[in-house]
Structure formats: structure tokens, C-alpha cells
Amino acid sequence: MLKTLIPRLMLLLLALTPLAALAAPAAPLVEGTDYKVLAQPGTFAPAGGRIEVVEVFGYTCPHCAHFEPKLEAWAKKLPKDVRFTPVPAAFGGPWDSFARAYYAAEQVGVAQRSHAAMFKALHEDGSLPMQNIAPDELATFYQAYGVEPEKYIAALKSDAVEQKLAAARAFARRTQIPGTPSMIVNGKYLVTGDTFDDQLRIASALIARERAGKAR
């Protein structure tokens, strides 16, 4: 009887081990290791009571390109009380060119649909140049999303896009991001995880912290 009972107990313990691991509480966040508190807090844009999560990215940044699939999957699962906002980095030169490209795409309504494809065009296909990209080249790229080239180029050169670019530049400067990609939660915390998975885990925990704070 005892000989048959021991293997059964071992099988039961093995079956319960994954459940125990899932039930284990996540390690608490450590300021200075997992995140930094911003010296000048403030959201990028009014969030209407929602929790804002910003990713500062650059289309020419290879790290951003590698992060994008994970980030996209994570962002799709965010609850309705969270607003995810991509903000292009405007560090000058080609950074500004592609930041304008993003905001022009946003203005004509195709930024979300074309976002992943722009990374692919630059980092996998090589179908667009990283440096000195011309408005016509951008217009041809976005034409695949049903945008007339003249309409896209007009958006690219518009005052509205220039104003958005200035706002993005000011936000990156105020939050003192160390590079791209960078994530800022609710205008308060700069995520500083070592890996992409770390960044998403920390961002999720900070979202939960902000939600708990609002519920008090």
C-alpha cells in the first residue's frame, strides 16, 4: 500500500508545482532599479482620467524594431482605463524625419496600420533609407495604405505635424529618457528594466499601482 501511495503523492506534488509558482506573489518593484520617479512629472497629453503609458521610440532604432512585436501584443491586452501612446523621438537629423513621418501618418489616419510595416521596411527589407529620406519616398510607402501622395506630403509639411514634433521633443527632454525605446507610466515613472520582458512586467506593475492609488 505504501509503495503505491508514495508515487501518487509525488505525481500530485509535481502537478501542483506550476500552480504554486503562478500563485507566488511578484517581487516588489525597486525604485532606482526597476523605475525612476520623474523630477518633472506630467503626462504627454490629457488622458481623460485614464492611466497613460507612453513609449518613446525611433523608427531607425534597432532595439525599438525588436521590441515592437512584444509591445504590440502587450498593448492590445491593456484594459480600457489605460491609454497607450507612441511618441516618436525627435533627437534631430533622421530622428526628426521619421518622427514627422509618424505624425503625418497619424494625421491622415494610417499610423496604427503602418507602424509595424515601417520598422520592417527599414530593418528587414531595406526598402527605405535610414538617412536622408525624401518626402516622395515616404509618400510612396504610405500610398500602400490608401493615402494619396499629395495629401501625405501636405500633412508632412503641415504646422500641425510641426507642433506635434515640438511636443514630442519637449516631452523627451522633460522626462530625460536615456534612449529608445523608453516607457513612461502616467507621467510619473520612467521604466528602467534590463530586458524587454522586464520593461513590460514593470510597466504592468506600475499601472496596477496607479489604479490602486486612484481607487483610494
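Visitor: What am I looking at, and which cut-offs apply?
Guide: It's a predicted model, where local features need pLDDT of at least 70, side-chain atom pairs count only at pLDDT 80 or more, and totals for chains, interfaces and linings use all residues. Residues are numbered from 1 along each chain as its sequence is written, and side-chain values use heavy atoms, with hydrogens and water left out.

Visitor: OK, how do β2 and β3 pair?
Guide: In the parallel sense, over seven bridges; two strands count as paired if DSSP finds at least two bridges between them. β2 covers residues 51–57 and β3 residues 82–88. Helices (H or I, at least four residues) and strands (E, at least two) are DSSP runs, numbered from the N terminus.

Visitor: What stands opposite T85 in β3?
Guide: That's V54.

Visitor: And which helix makes a β-α-β unit with β2 and β3?
Guide: Helix α2, residues 62–76, and the unit is right-handed. That means that, with the strands pointing away from the viewer, the path from the first strand over the helix to the second runs clockwise.

Visitor: Is β3 mostly covered or mostly open?
Guide: Mostly covered, with six of its seven residues buried. Buried is under 20% relative accessible area, exposed is over 50%, and partly exposed is in between (1.4 Å probe, protein chains only).

Visitor: Switching to α5, which residues are buried there?
Guide: L138, A139, F141 and Y142, in a helix running over residues 135–143. They sit on the same side of α5 because they cover an arc of only 160° around the axis, taken from the directions from the helix axis to the C-beta atoms. D136 and T140, on the other side, are exposed.

Visitor: What do the buried ones pack against?
Guide: α3 (94–107), α4 (111–125) and α6 (149–156). Contact here means heavy atoms within 4.5 Å.

Visitor: How many disulfides does the search find?
Guide: Zero in the whole structure, with a disulfide defined as a pair of cysteine sulfur atoms within 2.5 Å. For C61, the nearest cysteine sulfur is that of C64, 3.1 Å away.

Visitor: Are those two cysteines buried or exposed?
Guide: C61 is buried at 6% relative accessible area, and C64 is buried at 0%.

Visitor: Last one: where does T60 lie?
Guide: In the loop between β2 and α2. T60 is buried, at 17% relative accessible area. Not counting residues up to four places away in sequence, T60 touches W95, F98, L122, H123 and M130.
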